[in-house]
Amino acid sequence: MTIILGVDPGSQKTGFGVIEVEGNHHRYITSGVIRLPQGPLPARLDIIFKSLTTIIAEYSPLEAVVEEVFMAKSAGSALKLGQARGAAVVACVSHGLIVAEYTARQIKKAVVGTGAADKAQVQHMVKILLKLPAAPQEDAADALAAAICHANARQGLQRMAAEPAMRLRRGRLK
């Protein structure tokens, strides 16, 4: 059994989601959105760091997933997003978590089946995959989707590691 924390960082709101993974079964633990007040960016980064520290202390995840920065509308917003992401990564690493990173397209493809999925499709699939009574908030759904993506990726890697040495023929797996 492994507990995974998913984080969808943002400079105005940061989504988080915690799931438990055992084999190919995913169980929802908690999720939510850290809403950040207007004000200086350093104070908002501190809130992200402290909030994630509290979540990590309460749920004891072993691994974390932080969504990679995508191209934003402006360089300034991309820099702010990158700093929010950095605060999230440091909160996780400072507590000894293994941190994985996936792009938004990779996460959407893993959960919905297409990297071009919209927010409503991600929310719907997260609801179905985790057997939730209602769709989670957008940012929380994105964080849960990141955790599901990582759970599926690590399961595939574990299967490959458990198999005997793979044979190649003409550069292809037999």
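The dialogue below reads a sheet, a pair of annotated positions and the cysteines in a predicted model.

Me: Which conventions apply to the numbering and to the model?
Reply: Residues are numbered from 1 along each chain as its sequence is written, and side-chain values use heavy atoms, with hydrogens and water left out. Because the model is predicted, local features need pLDDT of at least 70 and side-chain atom pairs count only at pLDDT 80 or more, while totals for chains, interfaces and linings use all residues.

Me: In which sense does E1 pair with E2, and in which sense with E4?
Reply: With E2 (residues 13-22), E1 pairs in the antiparallel sense over seven bridges; a hairpin joins the two through four residues, and isoleucine 4 stands opposite isoleucine 19 in E2. With E4 (residues 63-67), E1 pairs in the parallel sense over four bridges, and valine 7 has valine 66 of E4 as its bridge partner. E4 in turn pairs with E5 in the parallel sense, over five bridges, where alanine 64 has valine 99 of E5 as its bridge partner.

Me: Are the two faces of E1 buried or exposed?
Reply: In a regular strand the side chains alternate between the two faces of the sheet. Buried means under 20% relative accessible area, exposed over 50%, and partly exposed in between, with a 1.4 Å probe and protein chains only. Both faces of E1 are covered, with Thr2, Ile4, Gly6 and Asp8 buried on one side and Ile3, Leu5 and Val7 buried on the other. Seven of the seven residues of E1 are buried, so the strand is largely enclosed by the rest of the structure.

Me: Which residues does the UniProt annotation "binding site" cover?
Reply: UniProt positions are given in the numbering used here, with shortened feature names, and annotations may be inferred rather than shown by experiment. The unreviewed entry places this annotation on Asp8 and Asp139. They are spread over 132 residues of sequence but cluster in space, the largest C-alpha distance being 6.4 Å.

Me: What surrounds aspartate 8 and aspartate 139?
Reply: Aspartate 8 lies in strand E1 (residues 2-8) and counts as buried because its relative accessibility is 8%. Leaving aside residues up to four places away in sequence, aspartate 8 touches Lys13, Thr14, Gly15, Glu67, Asp139, Asp142 and Ala143. Aspartate 139 belongs to helix H5 (residues 138-162) and is buried, with a relative accessible area of 11%. With that sequence limit, aspartate 139 touches Asp8, Lys13, Gly15, Val33 and Lys119. A polar contact of 3.5 Å joins the side chains of aspartate 139 and lysine 13; the term denotes a pair of N or O atoms within 3.5 Å, where within protein one must be able to donate a hydrogen and the other to accept it, and residues adjacent in sequence count only if both atoms are side-chain atoms.

Me: How many disulfides does the rule count?
Reply: A disulfide is a pair of cysteine sulfur atoms within 2.5 Å, and by this rule the count is zero. Cysteine 92 is buried at 0% relative accessibility, and cysteine 149 is buried at 5%.

Technical notes: Contact = heavy atoms within 4.5 Å. Pairing = 2+ DSSP bridges.
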